[in-house]
Structures are given as C-alpha cells and as structure tokens.
Amino acid sequence: MVAGYVFSEDTYVLIGEIVKAHGIRGELKLYTFSGQPEAIAGYPELTLVSRDGKLSLPVSILRSRPQGHSAILALNGFKTRNQAEELVGQGVLVRKTDLPDPQGDEYYWHQLRGLKVVTTDGRELGIIQEIFSNGAQDLLVVRGRSGEYLIPMLSEIIRAQDHEQLIIEPPPGLLEINSGEEVFGEPSPHDI
C-alpha cells in the first residue's frame, strides 16, 4: 500500500493523484509524484485506483500538458466536469511493464524500496522503507534495529547497488544525526 492506496505493487506503480477537475470538458489535474509531469503523455494507458483498492479499467490519455508539478489530463471517456469531479481523490497507476527503461544513473523509487542498506565498512543500517524528495535531492528513509536514517541519494554517498542491497559511504556525522550521538564536536541533547 502506497500513499493510502491499495493495489498490487508487483504490477503497478503509483505515479500521482487526481486533485481536482479542470475546466468544463472533463479534464483533470493530476499531481505527479515523479516531479516529471511531462512524462505522463508517454504512457499508453493509466489505471485509476480508489483508496479502498477498486481499480478502473485501463484508460488511454487523449491529451496531457504539464502545469508546474502537475499535469492536466484529458482521458478517453471523460467529457464533462461532473465526470471529472467523480475521479477526484483517485490514485493514478501505470503498469510497471509500461515504464521506460531508466538511463545511466536514473532509477525508479519502486526499485529501491525494500533494499538492504550497508555501509562500505559492512555496517548494516536497515531496509529502505520510503523515498521522498526535499526539492534538492531524493532522500532514502532507512529503518533498522539502530533506528531510522535519512540518506541523500548523492553519487558521493551511493557506492554500489544490486537487486538486494545498496552500499553507501556516509560522510562523517550523517548517521549520527538521527542517533543522538555527538556530531561534529557538538554535545548531544542528553549531555545538556
């Protein structure tokens, strides 16, 4: 379950949420989770999902145009504002098989969730539970026995990745920020 929607994560990726009807001709405003609203037009079809897991039949995109972090969509079969308003709050899914192959150092968030994170010196930190963007870079939320860590997805930190784990070389102080340990010579809150 991602962002409150129930669907098969083996089959689909949640790419956004319909936030409102747009205009009077059945267009929708889709908030995209990828930060690339222009990419929506490249998908052959979308599937809508309600919060309780009801999936629509696949629907094709007639038109799409970016608008900030959102996209304005016209979907086949939706011609009126009333029809569009009924879709507000629905998640928008794409079949994983319809995603283009990532290029170079690109990756899909769903490929990282569930990977084990290990430092270059062999310290096991935990499992990637979530990923989010702070506007500057993507951050991994890693949870393990020692707590939770926020790891920036930067080339200077990420050293290797395979289908089971991500190997990182954290800069001094990064892992201690969340542990309450002394960072950069500053006293921890427990010492005050």
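Biologist: In what order do the strands of the open sheet run, and which are its edge strands?

Modeller: In general, strands of a sheet pair through backbone hydrogen bonds, either parallel or antiparallel. Here 6 strands make up an open sheet with mixed pairing, in the order 10-9-8-7-12-11. The edge strands are strand 10 (147-152) and strand 11 (158-161), each of which pairs on one side only, and neighbouring strands of this sheet are turned against each other by 35° on average, direction ignored.

Biologist: Why is the pair of Tyr-31 and Phe-33 called edge-to-face?

Modeller: Planes over 60 degrees apart count as edge-to-face. The ring planes of Tyr-31 and Phe-33 stand at 65°, with the centres 6.0 Å apart, so the pair is edge-to-face. Tyr-31 is partly exposed at a relative accessible area of 39%, and Phe-33, at 27%, also counts as partly exposed.

Biologist: Which residue lies over the face of Tyr-5?

Modeller: That residue is Arg-51, at 4.2 Å from the ring centre of Tyr-5.

Biologist: Where does pLDDT stay under 50?

Modeller: Where pLDDT is low, the predicted coordinates should not be read in detail. The mean pLDDT of the protein is 85, with 88% of its residues at 70 or more, but over residues 182-192 pLDDT stays under 50.

How values were computed. Residues are numbered from 1 along each chain as its sequence is written. This is a predicted model: local features need pLDDT of at least 70, side-chain atom pairs count only at pLDDT 80 or more; totals for chains, interfaces and linings use all residues. Side-chain values use heavy atoms; hydrogens and water are left out. pLDDT is the predictor's confidence in each residue, from 0 to 100. Contact means heavy atoms within 4.5 Å. Two strands pair if DSSP finds at least two bridges between them. Helices (H or I, at least four residues) and strands (E, at least two) are DSSP runs, numbered from the N terminus. Axes are lines fitted to C-alpha atoms, for helices over the stretch in contact, and angles run from 0 to 180 degrees between N-to-C directions. Rings of Phe, Tyr and Trp (its six-membered ring) pair if their centres lie within 6.5 Å; planes under 30 degrees apart count as stacked, over 60 as edge-to-face and the rest as tilted. Buried means under 20% relative accessible area, exposed over 50%, partly exposed in between (1.4 Å probe, protein chains only). A charge sits over a ring if NZ of Lys or CZ of Arg is within 6 Å of the ring centre and within 35 degrees of the ring normal.
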